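Have the viewer open while you read.

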Amino acid sequence: MNNKLTQHPDNAMLVEFSAGTLPTAASICVSAHLHFCQKCRAELLRLDQVGSQLMTEAEPADVDDSLFDSVMAKIEKAEAAPPENIDQKSDNGFPFSVNRLLNNPAHRPIWKRMSGSVDVARFKTGQSDYEVALHRICAGGKTPKHDHQGTEYTVVLKGSFSDERAVYNEGDFLVRQPGDVHQPMGAQNGECICLSALDAPIKLTNPLGFLMKPLLRINPM
Ligand SMILES: [Zn+2]
């Protein structure tokens with residue numbers, strides 16, 4: 001159990017996750033957070049137990065029958081398995097859901113330099129409406145200042161970073177809404193790797209942002 005966790009999905013997200021109605025992009029990050037967070041796993045278990053009525057009444061999710069979605073459905077199920085299974089970590093300490101994507105040749109990402117301090121590795125999800133990626137911030141490195149046109153979910157997988165609001169440690173789950181502007185900075189004591197899912201392209205506010213824009217967007221603007 002990670003006692004440093006301060007950022008969690010809100011209860012509405014866990015309810016939707018339990019009911020299977022949470023959008024895939026958010027589900028990927030919630031499942032990764034569950035790997036680290038005993039508190040949310042316990043809450044999910046409670047929701048699963050009391051939620052059968054809710055689930056039968058919930059609107060069915062829009063189901064994309066692509067391979068990626070079927071893979072995600074399986075890993076979400078695995079991630080929501082009993083805690084004794086979830087707590088097992090592979091060598092790199094990442095959640096199973098992330099390692100399954102990393103180890104799947106169809107989704108395996110390639111690290112690319114995004115700025116002087118940040119590398120990005122995008123998963124090939126086959127989805128056009130959101131982007132799932134790993135970001136690696138070097139120790140003390142700053143990411144380009146950017147705002148968001150859509151909702152972004154982030155889970156810290158390794159190390160920690162900070163922004164204008166707080167310090168985020170391994171397992172923390174962040175949500176950034178459209179209009180939020182922030183400039184994450186990696187901790188001084190080591191690199192930070194985050195999983196992120198972006199529902200829409202982000203717009204850089206840095207004067208040099210135009211250089212990075214083609215790398216960040218997922219749809220032509
Ligand atoms: Zn949690």
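Two strands count as paired if DSSP finds at least two bridges between them. Strands themselves are DSSP runs of E with at least two residues, while helices are runs of H or I with at least four residues, and both are numbered from the N terminus. With that in hand, β1 and β2 form a hairpin with four residues between them.

A word on ground rules: this is a predicted model, where local features need pLDDT of at least 70, side-chain atom pairs count only at pLDDT 80 or more, and totals for chains, interfaces and linings use all residues. Residues are numbered from 1 along each chain as its sequence is written.

**Strands and pairing**

The protein chain has eight helices and twelve strands.

| Pair | Sense | Bridges | Residues facing each other |
|---|---|---|---|
| β2 and β3 (residues 131–137) | antiparallel | five bridges | A121 and L134 |
| β6 (residues 161–162) and β10 | antiparallel | two bridges | F161 and G186 |

Elsewhere, three strands make an open sheet in the order β7-β6-β10, with antiparallel pairing. β7 (167–168) and β10 (185–186) are its edges; each has a single partner strand, so one side of each has no neighbour in the sheet.

**The core**

Now for the inside. Of the 221 residues in the protein chain, 35% are buried, meaning that 20 or more other C-beta atoms (placed from the backbone) lie within 10 Å of the residue's own. A nonpolar core is a set of buried Ala, Val, Leu, Ile, Met, Phe, Trp, Tyr and Cys residues joined through C-beta atoms within 7 Å. The largest one here has 41 residues, and those with the most contacts inside it include A26, C29, V155 and L195. Helix α2 (residues 24–36) gives the largest share, eight residues. Both domain 1 (11–103) and domain 2 (111–216) contribute residues, so this core lies between them; the bounds come from an automatic or database domain assignment.

Leaving out residues up to four places away in sequence, L195 touches C29, A32, V98, L134, V155 and L157. A contact here means that the C-beta atoms, placed from the backbone, lie within 7 Å.

As for the chain overall, take contacts between residues at least 6 apart in sequence: 70% of them join residues at least 24 apart.

Note on methods: A residue is buried if 20 or more other C-beta atoms lie within 10 Å of its own, exposed if 12 or fewer, and partly exposed in between; C-beta atoms are placed from the backbone. Two residues are in contact if their C-beta atoms, placed from the backbone, lie within 7 Å.
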